[in-house]
Amino acid sequence: MKKNIALLVLSILWLLPVYGFSADKYDEAAVVLKPYIPAMKRYLKVAENTDNPLELAIAMNQLCDKMEELVPKVRQLSKKYPGLEYEQRIPVRHIQFRNELELLMQRFTQSYVRIIQHIGDPQVGKANARMIGILASVGATW
């Protein structure tokens, strides 16, 4: 299960280096990613605070909905800018954005403990499987 978290984290962090290659490419990628930050925050608010498996499953599925919207955009960026996922330079003007994403990913990783507590619930299990499927669709392996 922790591998699933790592895959999501890697999928999202995979976009960060795309931004670093040049100002234009970074800005383009940031425009793609920024609208999905609120969805991650909503998910984390629920995951960190609920003991209700139904609420957790709903939040997971809502995040998956947003991830499914993001996947084709990530693929387009990857196709347009091949190899940028390996770029290490991040423009100074985007450091705060990168830091925000890193903090969200840390929280996401930590929140997985809550998912594990409810993984036996059929709805949570199904939402988790959906998340794994989305990650696999972008080439994540484990």
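What follows is a chat about the fold, the salt bridges and one of the helices.

Q: Before I get attached to any detail, what kind of model is this?
A: This is a predicted model.

Q: OK. How many helices and strands does the protein chain have?
A: Seven helices and zero strands. Going along the sequence, the pattern reads α-α-α-α-α-α-α.

Q: And what share of the residues counts as buried?
A: Of the 142 residues in the protein chain, 43% are buried. The chain exposes about 7,700 Å², and 58% of that comes from carbon and sulfur atoms.

Q: Which residue does Glu 48 meet in a salt bridge?
A: Arg 107, at 2.8 Å from N to O. Glu 48 belongs to helix α4 (residues 37–49) and Arg 107 to helix α6 (residues 95–117), so the bridge ties together parts 59 residues apart in sequence.

Q: How accessible are those two?
A: Glu 48 is partly exposed at 31% relative accessibility. Arg 107 is also in the partly exposed class, with 30%.

Q: What does Arg 130 pair with?
A: Arg 130 forms a salt bridge with Glu 68, and the closest N and O atoms are 2.8 Å apart. Here the link runs between helix α7 (residues 122–137), which holds Arg 130, and helix α5, which holds Glu 68; the two residues are 62 apart. Both are partly exposed, Arg 130 with a relative accessible area of 23% and Glu 68 with 40%.

Q: Which residues are linked in a network with Arg 130?
A: Asp 65 and Glu 68; together with Arg 130 they make a network of salt bridges.

Q: Switching topic: where is Arg 114, and what does its side chain reach?
A: Arg 114 is in helix α6. Its side chain reaches the backbone oxygen of Ala 47 at 3.1 Å. Leaving aside neighbours within four places in sequence, Arg 114 has contacts that include Glu 48, Asn 49, Thr 50, Asp 51 and Leu 56.

Q: Let's finish on α5. What span should its 28 residues have?
A: At 1.5 Å a residue, α5 should span 40 Å, and its end C-alpha atoms are 40 Å apart, which agrees.

Q: Where is the kink in α5?
A: At Leu 70, shortly before the proline Pro 72, and the kink is about 30°.

Q: Which residue caps the N-terminal end of α5?
A: Asn 52 does: one of its side-chain oxygens lies 2.8 Å from the backbone nitrogen of Leu 54.

Q: Last one: which residues of α5 are buried?
A: Among them are Leu 56, Ala 57, Met 60, Leu 63, Cys 64 and Met 67. Leu 70, where the kink lies, is buried too, and so are Val 71, Val 74 and Leu 77.

Methods:
Residues are numbered from 1 along each chain as its sequence is written. This is a predicted model: local features need pLDDT of at least 70, side-chain atom pairs count only at pLDDT 80 or more; totals for chains, interfaces and linings use all residues. Side-chain values use heavy atoms; hydrogens and water are left out. Helices (H or I, at least four residues) and strands (E, at least two) are DSSP runs, numbered from the N terminus. Buried means under 20% relative accessible area, exposed over 50%, partly exposed in between (1.4 Å probe, protein chains only). Accessible areas come from the Shrake-Rupley method with a 1.4 Å probe; for residues, only the protein chains shown count as cover. A salt bridge is a side-chain nitrogen of Lys or Arg within 4 Å of a carboxyl oxygen of Asp or Glu. A polar contact is a pair of N or O atoms within 3.5 Å; within protein, one must be able to donate a hydrogen and the other to accept it, and residues adjacent in sequence count only if both atoms are side-chain atoms. Contact means heavy atoms within 4.5 Å. The expected span of a helix is 1.5 Å times one less than its number of residues. The bend at a residue is the angle between axes fitted to the seven residues ending there and the seven starting there.
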